[in-house]
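Please keep the sequence and the model at hand while reading.

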Amino acid sequence: MDLILEYVATVQAIDDINDTGLDNKKKAKENNKLAVRLRAIASEIDRRHPDMKPDFYQLLFHEKATVRGWVAHHILEVMNYDDRYRADALKEIAYISTHDKSINGLGNKMWLKQWFEKHPIDKNLL
């Protein structure tokens with residue numbers, strides 16, 4: 001399976017689990033396993049398939065907000081992109097942090113604060 005398609009399908013699987021609630025250990029374990037797989041896919045694209053990086057970046061504009069959120073974090077945390085792409089990823093996370101009124105929005109707000117403490121120069125990208 002194409003890594004980009006697998007990435008999107010894995011986000012959907014996480015969404016499916018979250019839609020039914022993380023109400024038991026088995027679901028939480030599966031959710032975590034899928035999240036680890038997303039990170040591995042992003043890392044593999046970065047290291048072994050640089051030709052796929054433009055397509056991965058395009059996922060920042062996917063119709064599903066959850067895909068955009070995961071991609072934004074992975075562009076910054078595990079992949080090597082130039083500042084133009086990193087700026088778009090930061091903008092997506094900033095958008096989530098101010099517009100998503102759920103725990104996800106709060107988590108992204110906290111993440112962004114910590115990110116800027118460790119990477120103060122990235123504030124200039126917004």
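## Ser-97

In this predicted model, Ser-97 has a relative accessibility of 13% and therefore counts as buried, since the cut-off for that word is a value under 20%. The residue belongs to helix H5, and its side chain reaches the backbone oxygen of Ala-94 at 2.7 Å.

When residues up to four places away in sequence are not counted, Ser-97 touches Gly-105, Asn-108, Lys-109 and Leu-112. One of these, Asn-108, returns below, where it is listed with the residues closest to the centre of the largest pocket.

## The largest pocket

The largest pocket has a volume of about 650 Å³. Its lining is made up of 25 residues, and the closest to the centre are Thr-66, Gly-69, Trp-70, Asn-104 and Asn-108. The elements that give two or more residues to this lining are helix H1 (3–20), helix H2 (25–48), helix H4 (65–77), helix H5 (83–99) and helix H6 (103–118).

Which helix gives the most to the lining of the largest pocket? That helix is H4, with eight residues. By residue type, the lining divides into ten polar, eight nonpolar and seven charged residues.

## Ile-45

Helix H2, already named as one of the elements that line the largest pocket, also holds Ile-45. The relative accessible area of Ile-45 is 0%, so this residue is buried, given that buried means under 20%.

Apart from residues up to four places away in sequence, Ile-45 touches Leu-3, Ile-4, Pro-50, Met-52, Lys-53, Phe-56 and Met-79. As for distance within the chain, Ile-45 and Asp-23 are 22 residues apart along the sequence, and their C-alpha atoms are separated by 33 Å.

## Asp-122

Asp-122 is found in the segment after H6. Is this residue buried or exposed? Its relative accessible area is 4%, and Asp-122 is therefore buried.

With its neighbours within four places in sequence left aside, Asp-122 is in contact with Arg-86, Leu-90, Trp-115 and Phe-116.

Conventions
Residues numbered from 1 in each chain as written. Predicted model: local features only at pLDDT ≥ 70, side-chain atom pairs only at ≥ 80, totals over all residues. Heavy atoms only, no water. 1 Å grid on protein atoms, 1.4 Å probe; cavity = no way out; pocket = protein on both sides within 12 Å on 5 of 7 lines; lining within 4 Å. Points joined across faces, edges and corners; volume = space filled by probe spheres on them. Helix = DSSP H or I, 4+ residues; strand = E, 2+ residues; numbered from the N terminus. Nonpolar A, V, L, I, M, F, W, Y, C, P; charged D, E, K, R; others polar. Buried < 20%, exposed > 50% of the residue type's maximum accessible area, 1.4 Å probe, protein only. Contact = heavy atoms within 4.5 Å. Polar contact = N/O pair within 3.5 Å; in protein donor to acceptor, adjacent residues only side chain to side chain.
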